[in-house]
Amino acid sequence: MSKIEIDKKVRREIIKWTHYYFHKKEMNQWTKSNTVNEIVKIIKKEIKENVD
Amino acid sequence: MLIRKMILNNFRNFKNTEINFSCDPKKKITIILGQNTYGKTTLVKAFIWCLYKINLFEDKILLNSDISDYLLVGKEETAKVMVEFEHKGVSYRITTKETYSRSSSDNIVVAKKAYSTGLKVVEQNTIPISENHIDEEIESILKPELKEYFFFDGETNSIEQVSAKKNLTVAVTNILGISTIEAFKEYYDPHRSDSVPSALRKDLISSDELNAIDLNNQLEKYTQQRQTYLDEIETIEREINELDNQLEEKNNLLDANKDVEKDQNDKKRLEKEIETAKFDKDKAFDRMIQIVNGSSAFLKILFAKSFVKYNLKELMEKSSFKSNSSYKGINEEAVNELIKAGRCICGAEIKNGNDAYRHLMEAKQHMEPHDYSKYISDFVSAEASNIYNAETICENIRSEAGIVNNKIEAIDEYETRLKTIRERIEGRLDVGSIQSEINNIMYQKGHQQSVLENSKSKIPDIEKKIDDINEKITKSSEANEENAFILKCIEYSNSIYQLAITQLEQSKMEIREKLQDEVSTIFKAMYHGNREIIIDENFRASAIVTDGNQDKNLDKSTGLGTVVNYSFVAGLMNLAKQSLLKNELTNDDNIGESYPLVMDAPFSNTDDEHIKNICKTLPIFCDQIIMFVMRKDYNYAIESIREQVGKLYRIQKESETDAIVCEEDL
């Protein structure tokens, strides 16, 4: 896989969203797979909007 | 986490009790006064049962005795504890119940085992916590293994031992917020099938569909294999931890009973010697009986031997038959035959009246059966032999009787010594059996460690295989825009995973250093001696004298162990409420949290000065302190804590089975 430059700002956003979904999982008793899907969606969104 | 309220219904000796704990930051202490046996420890155990369904009572029936006594067959009654607390801005209400009934055989039995229900209030919305999630939810707030850091039940979890526990890593890292970094590591782990990168990889479009299916099957196989090993490792580590706890407990018992080890060994030796002596005595007695039974004829001689000897002597001396004039080996009948034949063996003629005839007739008087001297001589000789045998038997009986007597005396002496030792060690544990339990635990631990090493050694190889397959999946994916985008997402995901790995190690080091500083500061404020605190890599705290040598003979009279542990717990709590870890993965989430310190009989073995120091220092670092104490201990402490007490209760015992908690004026 060709290495790409990681944009730290985008990564920070993904991390922030991950925290948000961890919190959501805790509050709403989500399953792990549910949480993973939400994180995947937000990663795609962040990268589409800010890296692509 | 701050505890607001606890309600007990039909729980042990509390039929209906409600306690509201002070959560006021300026008045953070709640005092519950109670004499011994009034139920202080019951209240601490009630917290643990409500939150973790762990029943720490020896008698496992939780239902109030008055209620159970009047319970009719077929009817049910429930013991219930409700705890209300706040954690990270959310209010929780957890209720745990256990239902009992009377069986047809008139016993009180559990009809429904302990189960919990819960509610939480998030942003003014009350949400029920489902029964399936309640344990998980409580564990996410305060793991069960951490309970002993915050709930000190005087009987089972002495604060004296907390900071010396074998593995504090899990406890400390969880309290201090590392669990968030661990969650990132888990969610972004490319070697897990349920992770973010694995979910992303499934979106890659392959140029070779068949090959992709095969690779995904292989991936599934190896990720599952890895997970199986990881689960196994986790289980074994937990078991090893449990064995370590058992070892620690047994070693403490061993230390506490070391002074009776010699007595216990002597006791065992004496018991064995008494057993051997009794066996030897019985054997000697049996032999004596056998000798007597088997020698009845000789025994007659034995008892009459002096008379027999005298009579034989008389017989020999006074008898007219002298044995030295007797003809040996020839009898009267043979001579009669010669006379009848008329000729002697020497050839001389025997004729009635001649010299040979007269000589033979004279000789016949000294032959059998006329001569009894030989019989008497043989009889005397046989009797002498019998007397010798009788004397030997007598000697044997005397010898065996001597053994019996010696053994009886020895048994008496051993039993006297044993009685003294038994009195000295009465009620103390058997050091030998503890040692053998320790050896057994060590053996199990050794076995588990080798299984653990074996499982751990498999992981790198499996991860390499997973990495290779992931690489192949990447390579076999179509070179199109959509795939390039997914690969970009995977790279971001992998970079977060790498960040989690690096920060996990750094955070552990950082936490240890900060904990050491924090605990040392608190320790210096509490302790008036010449020692410092060291926190090792497993987060264990120990007090060393300032020249750097570990002092193993800690001065227990000053309660040094208690001071070390209160310093440790206060330091841990103080760090927990700070946003300790500031890094890319935790900066938003780690808002810090307060924890309660619930203490049952907290000042046993602590001198007055240290009680005052502890009472002055703890409220500075802990946001909520709930103290179950006897009034005399409270009187020592009151001067230092008066200003900080928000609630004061007294346990009032109405009867052995009914106590209530009454609020008192401050």
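A salt bridge is a side-chain nitrogen of Lys or Arg within 4 Å of a carboxyl oxygen of Asp or Glu. Keep that in mind for the close-ups below, which all come from a predicted model.

**View 1. Glu86(B) and Arg4(B) meet in a salt bridge.** The N-to-O distance between these two side chains is 2.5 Å. The pair ties together distant parts of the chain: Glu86(B) belongs to strand 4 (residues 76-87) of chain B and Arg4(B) to strand 1 (residues 2-11), 82 residues apart. Glu86(B) counts as partly exposed because its relative accessibility is 27%. Arg4(B) has a relative accessible area of 34%, so it is partly exposed too. Over all chains, the structure holds 49 salt bridges.

**View 2. Asp66(B) pairs with Lys15(B).** Here the closest N and O atoms are 2.8 Å apart. Once again distant parts of the chain are linked, with Asp66(B) in helix 2 (residues 65-69) of chain B and Lys15(B) in strand 2 (residues 14-20) of chain B, 51 residues apart. Is Asp66(B) buried or partly exposed? Its relative accessible area is 22%, so Asp66(B) is partly exposed. Lys15(B), at 21% relative accessibility, also counts as partly exposed.

**View 3. Arg424(B) and Asp263(B) join two helices of chain B through a salt bridge.** The N-to-O distance is 2.8 Å. Look for Arg424(B) in helix 14 (residues 373-425) and for Asp263(B) in helix 10, 161 residues apart. Asp263(B) counts as buried because its relative accessibility is 12%, and buried means under 20%.

**View 4. Met288(B) sits in helix 10 (residues 261-294) of chain B.** With 16% relative accessibility, Met288(B) counts as buried. Who touches it? Leaving aside neighbours within four places in sequence, Met288(B) is in contact with Ile397(B), Glu400(B) and Ala401(B). Arg398(B) is 110 residues away from Met288(B) in sequence, yet their C-alpha atoms are 8.7 Å apart in space.

**View 5. Glu463(B) is a buried residue in helix 15 (residues 431-476) of chain B.** Its relative accessible area is 19%. If you skip residues up to four places away in sequence, Glu463(B) touches His191(B) and Arg226(B).

**View 6. Leu618(B) is part of the largest nonpolar core.** In soluble globular proteins, nonpolar side chains tend to be buried together. This core has 134 residues, and Leu618(B) is among those with the most contacts inside it, as are Ile31(B) and Phe47(B). Helix 16 (residues 481-526) of chain B gives the largest share, 17 residues. Not counting residues up to four places away in sequence, the contacts of Leu618(B) include Met526(B), Tyr566(B) and Ile625(B). Another core, of 17 residues, lies apart from this one, with Leu247(B) and Val260(B) among its members.

**View 7. Chain A meets chain B.** In this interface, 32 residues of chain A are in contact with 41 residues of chain B. About 3300 Å² is buried between the two chains, and carbon and sulfur atoms give 63% of that. How many salt bridges cross the interface? The rule finds four, and one of them pairs Asp194(B) with Lys32(A), with 3.1 Å between the closest N and O atoms. Helix 1 of chain A supplies the largest share of the side of chain A that touches chain B, 13 residues. Lys32(A) and Asp194(B) also belong to a salt-bridge network with Glu186(B) and Arg192(B).

Notes
Residues numbered from 1 in each chain as written. Chains lettered and ligands numbered in written order. Predicted model: local features only at pLDDT ≥ 70, side-chain atom pairs only at ≥ 80, totals over all residues. Heavy atoms only, no water. Core = buried A, V, L, I, M, F, W, Y, C linked by side-chain atoms within 4.5 Å. Buried < 20%, exposed > 50% of the residue type's maximum accessible area, 1.4 Å probe, protein only. Helix = DSSP H or I, 4+ residues; strand = E, 2+ residues; numbered from the N terminus. Contact = heavy atoms within 4.5 Å. Buried area = accessible area lost by both parts, 1.4 Å probe.
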